[in-house]
Amino acid sequence: MPLHNTLPEDLHEVDVIVVGGGSAGCIVAGRLASADPSLHVLLIEGGRNNYNLPSVVHAALGPQNMLLETRTAIFHKTGTEEQLAGRELIVPCGGVLGGGSSINACL
């Protein structure tokens, strides 16, 4: 099962498109490809590839994924919450292949 960062020039049609390369998307794409090797499965992920990315591969560097300047997480801001004295929550989400499991040590 080859991995590509761009579509191969000889690929003109796919059988299944999986949108979102988080944990579930990667598992679905992998299982479909394993179940029927003749299927052309396209997995689309908007984040960067996590292959050999130090902050993903080495658990000790994992906290780097929560820095504001990271390229592996997307930070979503909620509305103000009365229960939080009018403050907003900031929720980090995975913005990398593998989703949140790649940046939070699978917790």
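Mentor: N52 counts as exposed because its relative accessibility is 54% (exposed is over 50% relative accessible area, buried under 20%, partly exposed in between; 1.4 Å probe, protein chains only). The model is predicted, with local features needing pLDDT of at least 70, side-chain atom pairs pLDDT 80 or more, and totals for chains, interfaces and linings using all residues. Residues are numbered from 1 along each chain as its sequence is written, and side-chain values use heavy atoms, without hydrogens or water.

N52 sits in the loop that links strand 2 to helix 2 (54-57) (DSSP runs numbered from the N terminus: helices H or I, at least four residues; strands E, at least two). Its phi is positive, about 60°, although N52 is not a glycine. Most residues other than glycine have a negative phi. A85 also has a positive phi, near 55°, and is likewise not a glycine. This residue belongs to the loop between strand 3 (73-81) and strand 4 (87-94), and A85 counts as exposed because its relative accessibility is 69%.

V19 lies in strand 1 (residues 16-19) and counts as exposed because its relative accessibility is 69%.

Strand 1 has the highest mean pLDDT among the elements, 96, whereas helix 3 (residues 100-103) has the lowest, 88 (pLDDT is the predictor's confidence per residue, from 0 to 100). The protein averages 89, and 96% of its residues score at least 70.
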